[in-house]
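Take a walk through this model, one feature at a time. Keep the sequence and the 3D view side by side.

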Amino acid sequence: MAQVELNKVVKKYGAYEALHEVDMRVENGEFVVLVGPSGCGKSTLLRMIAGLEAISSGAISIGGRVVNDIRPKERDIAMVFQSYALYPHMTVRKNMSFALKLASVPQPEIDAAVERAASILGLGELLDRRPKQLSGGQRQRVAMGRAIVRNPQVFLFDEPLSNLDAKLRVQMRAEIRELHQRLGATTVYVTHDQIEAMTMADKIVVMRQGYIEQIGHPLELYDRPANLFVAGFIGSPAMNFIEGETSAASPQSFVAKDGTSITLPAGSAALDGRRVILAIRPEDLAVVGDGTPDAFAGKVVGVETTGPESVILLETCGTRVSLVLRERASLGVGQTVLLRADPAKLHFFESDDHGRRIIM
Amino acid sequence: MQDRRRTLVISLPVALLVLVAVFPFLWMAVSAFKPLAQLYTIPPRWLPDPPTLVNFKTVLFESNIPRYFVNSLIISIGSTSLALIFAIFAAYGFARFDFRGRSAALAFVLIGQLLPTATVIVPLYIVLNYLGLINTYLGLILVYLILTLPLSVWMLTGYFRGIPKELEDAAIIDGASHLGVLFRISLPLVSPGIIAVALYSFVATWNEFVFALSFATEKEMKTLPIGLAEFSTEFDTDWGAVMAASFVMTLPIALIFLVMQRMFVSGLMSGATKG
Ligand SMILES: Nc1ncnc2c1ncn2[C@@H]1O[C@H](COP(=O)(O)OP(=O)(O)OP(=O)(O)O)[C@@H](O)[C@H]1O
Ligand SMILES: [Mg+2]
């Protein structure tokens, strides 16, 4: 087992810089999820850890050893690819034993390792099939089997579930977590699905355009996003953003650009009359009855019901916001309702390009 | 009704095509078993009556054809093997490695193919003569590379490009070297391409005439296509023997196609990825 450390790692493709001085640390046995929109450099980062891409500058170390110039096979890592990348001309058994065979492991040991991995993943029946005779989920399992037979120090996953249907994805999510708990190997897992990140990670690394935006425990990212990007990326439905100003004269209120006033928690003096962006999670907004203090009006423009909960889309404060109701909604489109934002659950961000969180 | 009409629309041209393609071959096969007198009758006789093996006797026991057959075999197999070895490495390089001037080089490979054969005969003769390779197996084997290598490289490059990059990445992670990836993963997966290239190269060299005529002038070195011409003398052509010799010459090609046809496995790649 080993920790993985990235120190000012840069990746350049010609003149284009895909990763800018990335610093990151994965502790021994930790399950870290790299998440971010398409093209942000997640795969590139993972492939650099694997040794499939050269490092332009900086250092990557695995288990305390700098691996910049060390070939993939000597890094003691295993990788599961998005497309599974099973060798089509080999049976499942051969696929899984390929690495051990190349490493000249004695045949009885190979057989034992393959049997063990197959029983963990429930592949026993399939060992003599070719990849084309397997379903998508089974292929996915074989790809994981190929990784675990080697008993590597570090597991790398690049969007392993993105080709599966929704139900299977949820099931495999749990299986991968379980496997991690069982094997305890250090894991770096790439996904663009923030729900996958939230449910699986010990630690999430949010990336955008080659920069790391925030690193932290899933709930830490959820409760205290470091900037507007993370705030908008983590959580579904996404966090609501309302542009407006605070006034130095009355520090207790925030005025949105359409004039709607929202009451702030006591001690909001840190905002001292600046233009800011107020943010609130959809579940921290509530529909309230007439006469509730601090309420403001909104017009319903859409209702989406998933069964256990309903997402209400509203127009208010000069923008569109969403609100999650835990009960069946009896609201109709076009109706005007009163809303209240939980003052303790408000977030504030600078209204500049960086959109940093304002700490109060 | 619709279906039957569509079947007709498709099968009629196909039948026509097969007829045009197969008729000369059939005529050759049938003529090879005819006695001399029946070859010239008007109207033509379709079937030999009675069939005779005299033409084959002439070809197999009274001519140089067996020797030429062996020559052709050595030269075609030699040059096909050599072309395959070169083409595999060249094509893999073109398909997988990003180096300066790659596309220019790939285009340049084909330019050789565009030159008319006649333009290279004299320069080649001078070079081969200088190297002492006129009238040797090696001489023709090397010359035939000029003929077959460009297209072989192009075809195989396409096949190699069709292999998902992630497969090779996975093999590298599993601990394979670059050569290991080529031989254990990529090569087995392009075997339909290898078979196609081998067939193409074998057929092209087996039938080649102009180079063989120019560079293999001695009796011991001649190949089958040249040998066929020996049945024509100044005054007379022994058509029966020509047909029998052609039959002998066609046989290996037909056999190879029959055997290989089953090896053109389609969908060898399926299962590698999600699809
Ligand atoms: N071989 C390459 N040459 C040039 N640019 C590249 C190359 N590979 C990746 N890039 C660029 O680097 C950036 C990061 O790519 P990367 O594949 O790491 O994105 P990603 O975060 O994995 O995206 P996705 O979620 O779509 O897989 C992209 O802008 C991409 O265009
Ligand atoms: Mg990617």
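Helix axes here are lines fitted to C-alpha atoms over the stretch in contact, and the angle between two of them runs from 0 to 180 degrees between N-to-C directions. Two packed helices are described by that angle and by the distance between the axes. Bear in mind that this is a predicted model.

Start in chain B. Helix α4 (residues 65-96) of chain B packs against helix α10 (residues 191-207) of chain B at about 140°. Their axes lie 9 Å apart. Are the two helices parallel, antiparallel, perpendicular or oblique? Angles over 145 degrees count as roughly antiparallel, and 65 to 115 as roughly perpendicular. The pair α4(B) and α10(B) is therefore oblique. The crossing of α4(B) over α10(B) is right-handed. On the α4(B) side, the contact residues include F69(B), L73(B), I77(B), L84(B) and I88(B). Among those on the α10(B) side are I194(B), V197(B), F202(B) and W206(B). By class, this contact has 11 nonpolar residues, six polar and no charged.

Now turn to a second pair in chain B. Helix α5 (residues 102-114) and helix α7 (residues 137-161) of chain B cross at roughly 145°, and their axes come within 8 Å. The crossing of α5(B) and α7(B) is left-handed. From α5(B) come L106(B), A107(B), V109(B), L110(B) and Q113(B). They meet residues of α7(B) including I146(B), L147(B), P150(B), W154(B) and R161(B). The contact of α5(B) with α7(B) splits into 10 nonpolar residues, two polar and one charged.

Which residues touch the most other members of the largest nonpolar core? That core holds 65 residues, and the answer is L6(A), L156(A) and F160(B). Helix α4(B) gives the most to this core, with eight residues. A separate core of 45 residues includes V142(A), M172(A), M200(A) and F229(A). Leaving aside residues up to four places away in sequence, L6(A) touches V22(A), D23(A), M24(A), L45(A), I49(A), A59(A) and I60(A).

Step back to chain A as a whole. Chain A has eight helices and 20 strands. Its C-alpha trace spans about 80 × 45 × 35 Å along the principal axes. Of the 360 residues in chain A, 50% are buried. Among contacts in chain A with a separation of 6 or more, 65% join residues 24 or more positions apart.

Q209(A) has a positive phi of about 45°, although it is not a glycine. Q209(A) sits in the loop between β9 (203-208) and β10 (211-216) of chain A. C317(A) also has a positive phi, of about 55°, and is not a glycine either. C317(A) lies in the loop between β17 (310-316) and β18 (319-325) of chain A. Is each one buried or exposed? Exposed means over 50% relative accessible area, and buried means under 20%. Q209(A) has 61%, so it is exposed. C317(A) has 1%, so it is buried. The remaining loop holds a proline. The peptide bond from S236(A) to P237(A) is cis, with omega near 0°. P237(A) belongs to the loop between α8 (228-233) and β11 (240-246) of chain A.

Key:
Residues numbered from 1 in each chain as written. Chains lettered and ligands numbered in written order. Predicted model: local features only at pLDDT ≥ 70, side-chain atom pairs only at ≥ 80, totals over all residues. Heavy atoms only, no water. Core = buried A, V, L, I, M, F, W, Y, C linked by side-chain atoms within 4.5 Å. Buried < 20%, exposed > 50% of the residue type's maximum accessible area, 1.4 Å probe, protein only. Helix = DSSP H or I, 4+ residues; strand = E, 2+ residues; numbered from the N terminus. Contact = heavy atoms within 4.5 Å. Parallel < 35°, antiparallel > 145°, perpendicular 65-115°, else oblique. Left-handed = near helix turned anticlockwise from the far one by under 90°. Nonpolar A, V, L, I, M, F, W, Y, C, P; charged D, E, K, R; others polar.
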